[in-house]
Amino acid sequence: MTVRFEEGLTLSEEIHLAASPAEVWKLVTDIELPTRFSPELKRVEWLDGATEPAVGARFAGHNENEHVGAWVTHSEVVELESERRFAWAISVPDGRYGDSSPDAPIATWSFDLVPEDGGTLLRQTVVIGPARSGVTVAIEQNPERAERIAEGRVAMLRGGMRATLEGVRELVPG
């Protein structure tokens, strides 16, 4: 497998849950949910007086990784369709990787819910870029290790997504 972050990257993982979209929606729109399962995201908090997901609402994520240390992200809800789709774009306010914004994020994450077989198909997706990220910087600093760095990050992202989806399975009623 060849992975190239500089060209953008989309990863998805999905799981079928024996719960209604309404039950799953309550879990995936809780911005604290990923902190229970993510290897990096340690804490989140709403910003600007927001208290729940709405398009334009923002929240901060406090992250930690053995390779790059600790950093804070700002996320803005960019899509919200009740019981169907929740998506947020991530930027890094301290500019450590260059400019990023909700219009040009370092990544966009989403949950999609599809009614299926009396339950819900839950898909988590991440789209990397278009703004520079920690992986971009690591590849620029170590071009001879670019493929290894990218594949390691993909493995970490996929592992975190699987852990989150399995965690949701454990939390759904029934």
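In this predicted model, the chain carries 17 positive and 29 negative side chains, and the centres of these two sets are 3 Å apart. The accessible surface of the chain amounts to about 8900 Å², with 48% of it belonging to carbon and sulfur atoms.

The chain contains 3 helices and 7 strands. Read from the N terminus, its elements follow the order β-α-β-β-β-β-β-β-α-α. The radius of gyration is 16 Å, close to the 16 Å given by the globule rule for 174 residues, so the chain is as compact as a globular protein of that length. Along the principal axes, the C-alpha atoms fill a box of roughly 50 × 40 × 25 Å. Of the 174 residues, 47% count as buried. Among contacts with a separation of 6 or more, 53% are between residues 24 or more positions apart.

The whole structure holds 4 aromatic pairs. One of them joins W46 and F59 edge-to-face, at 5.5 Å centre to centre and 75° between the planes. W46 belongs to strand 2 (residues 41-46) and F59 to strand 3 (residues 58-65), so this pair ties together parts 13 residues apart in sequence. W46 is partly exposed at 22% relative accessibility, whereas F59 is buried, with a relative accessible area of 6%.

F59 also pairs with W88; this pair is tilted, with 6.3 Å centre to centre and 55° between the planes. Because F59 lies in strand 3 and W88 in strand 5 (residues 85-91), the pair ties together parts 29 residues apart in sequence. Both F59 and W88 are buried. Ring pairs link W46, F59, F86, W88 and F111 into a cluster.

Note on methods: Residues numbered from 1 in each chain as written. Predicted model: local features only at pLDDT ≥ 70, side-chain atom pairs only at ≥ 80, totals over all residues. Heavy atoms only, no water. Phe/Tyr/Trp six-rings, centres within 6.5 Å; stacked < 30°, edge-to-face > 60°. Helix = DSSP H or I, 4+ residues; strand = E, 2+ residues; numbered from the N terminus. Buried < 20%, exposed > 50% of the residue type's maximum accessible area, 1.4 Å probe, protein only. Rg over C-alpha atoms; globule rule 2.2 N^0.38 Å. Contact = heavy atoms within 4.5 Å. Areas by Shrake-Rupley, 256 points an atom, 1.4 Å probe, with all protein chains shown as cover. Lys, Arg positive; Asp, Glu negative; His and termini not counted. Charge placed at Lys NZ, Arg CZ, Asp CG, Glu CD.
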